[in-house]
Amino acid sequence: MVSTLLPAAAGFALGLQSLESERRIEALPVEGTLPPWLSGTLLRNGPARFEVGRDNYRHWFDGLAMLHRFTFAAGGVSYANRFLRSKRFAAAERAGHIVGGEFGTVAQLTFADRLRAPFGNGLTDNANVNIVPFRDGYLALTETPGPVAFDGETLETRGTAKYDDALSAPLMTAHTHHDPARRATFNVVIEMGRKSRYSVVRIPDGTLRRTVIASIAVDEPAYLHAFSTTARYVIIAEYPLVVRPLDLLFGRKPFIENYRWKPDRATRFHVVDKDTGASAGVYETAAFFAFHHINAYDDGAAVVIDICAYDDHAIISDFTLDRLRAGAGVSRPSVRRYRLIPGRSAAEVETISEVSLELPRVAPLREAGPYRFAYGFAGAAERPEFSDRIVKVDLASGSVSSWSQTRSYPGEPVFVARPGGTDEDDGVLLSVVLDAAAGSSYVVVLDARTLEECARAAVPHHIPFGFHGIFR
Ligand SMILES: [Fe+2]
């Protein structure tokens with residue numbers, strides 16, 4: 001199951017090895033004391049197979065998706081994991097090799113194949129990035145408009161869904177924002193062609209019908225992984241990592257390698273009114289790159305956006321698998337706050353913390369509103385691995401607290417509020433941690449106020465490093 005490990009970062013590299021087994025375990029061994037109120041399911045998504053036959057995926061973002069479920073009930077924890085049976089997964093299994101392009105991997109296709117099927121044999125539905133609730137189940141998402149439906153209990157795949165509209169856009173973020181007051185989800189799609197544009201879409205709850213509420217024309221679209229919302233606005237950060245659409249359609253490079261870093265263009269924030277679609281301003285700042293916005297809100301005087309910001313786009317190639325497995329080190333983001341003040345064209349910027357926070361989460365009830373705490377993982381400055389601790393950043397003071405264990409590598413921490421609690425950090429963090437010494441992973445439950453460990457529950461295998469998940 002686990003092939004030979006590379007010596008340079010053997011512990012960490014285990015998190016980038018394939019996991020083939022699919023299991024269902026009714027009671028995991030629990031150490032510590034689970035909060036008696038903790039009841040529900042943590043669903044996680046991420047890559048778990050990094051090769052097909054003799055072909056190897058090249059980038060962390062490319063591996064075939066696997067779902068994991070940790071269900072907390074009656075003081076115990078059950079677990080299941082299953083590969084997502086996307087069309088891409090099934091075709092690869094049938095063929096015995098990689099059958100289409102992914103984020104950082106190009107499939108070996110003939111020119112005729114490309115003419116028949118641009119975008120490297122069609123858009124991938126290997127939805128390994130995120131999970132959102134949908135009707136009586138869930139959708140697994142990636143950065144293409146082909147969400148894959150699955151059952152939240154059995155993790156069985158129900159099939160790749162289609163959007164119920166005529167919008168033709170090859171790219172759509174996996175970081176949707178649900179707006180309970182408007183009973184709709186907001187997202188940003190990127191239309192590519194002779195005329196390209198970023199379009200803000202609104203999707204009524206329970207549907208897959210996207211209504212375009214605003215479009216921003218662009219010659220060379222930027223790579224966008226996420227965006228943010230406030231109660232009133234959608235905010236797109238447009239980094240100067242841009243592509244000529246024709247290069248994407250017919251290029252022979254992996255998807256992301258068609259993009260070029262043009263720092264002279266600066267980074268622009270586009271602010272769009274959620275209801276009218278009107279522009280509420282375009283703001284510029286010095287070039288930076290990010291995958292993740294932490295949160296955003298209006299404070300009366302400005303739109304405030306917190307971001308895990310990198311000086312440039314080097315982090316993308318830092319995440320190629322050979323570099324990560326060799327422990328080559330990764331670029332470090334910092335926590336930056338941008339303030340967009342109406343009437344000014346320049347964004348104000350402040351570095352709140354130099355901690356290398358990634359996969360950021362906030363308390364769900366504080367999303368799109370004023371808040372104080374961000375949670376995520378981070379790596380120590382003196383070590384090459386990018387994730388060796390869970391951190392909590394107090395955005396009011398800039399202070400950082402952390403939780404870590406020897407040779408252990410946590411993933412995204414998901415905040416779960418204590419029922420009846422009113423303090424923002426009254427709850428727990430759930431994170432899947434790779435224990436390299438044990439060669440396996442566990443889910444840890446931390447008190448979000450203190451980051452003290454309450455409990456952990458181990459599975460019998462390692463869980464490859466994943467991306468995002470939800471608790472319900
Ligand atoms: Fe993400």
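Me: In what order do the 5 strands of the open sheet lie?
Reply: In this predicted model, the open sheet is built from strands with antiparallel pairing. Its edge strands, each pairing on one side only, are S1 (24-25) and S36 (469-471). Read across the sheet, the order is S1-S7-S6-S3-S36.

Me: Which residue in S7 is the bridge partner of leucine 67?
Reply: Strand S6 covers residues 64-73 and strand S7 covers residues 76-83, and these two strands run antiparallel, joined by 8 bridges. In S7, the residue that partners leucine 67 is arginine 82.

Me: Why does the chain count as being as compact as a globular protein of its length?
Reply: The chain holds 7 helices and 36 strands. For 472 residues the globule rule gives 23 Å, and the chain is as compact as a globular protein of that length because its radius of gyration is close to that value, at 21 Å.

Me: Is isoleucine 316 buried or exposed?
Reply: Isoleucine 316 belongs to helix H6, which spans residues 314-318. A residue needs 20 or more other C-beta atoms within 10 Å of its own to be called buried. Isoleucine 316 has 23 C-beta neighbours inside 10 Å, and therefore it counts as buried.

Me: How many Å apart in space are isoleucine 316 and tryptophan 60, C-alpha to C-alpha?
Reply: Of the contacts in the chain with a separation of 6 or more, 55% are between residues 24 or more positions apart. Isoleucine 316 and tryptophan 60 are 256 residues apart in sequence, while in space their C-alpha to C-alpha distance is 9.6 Å.

Notes
Residues are numbered from 1 along each chain as its sequence is written. This is a predicted model: local features need pLDDT of at least 70, side-chain atom pairs count only at pLDDT 80 or more; totals for chains, interfaces and linings use all residues. Helices (H or I, at least four residues) and strands (E, at least two) are DSSP runs, numbered from the N terminus. The radius of gyration is taken over C-alpha atoms; the globule rule is 2.2 Å times the number of residues to the power 0.38. Two residues are in contact if their C-beta atoms, placed from the backbone, lie within 7 Å. Two strands pair if DSSP finds at least two bridges between them. A residue is buried if 20 or more other C-beta atoms lie within 10 Å of its own, exposed if 12 or fewer, and partly exposed in between; C-beta atoms are placed from the backbone.
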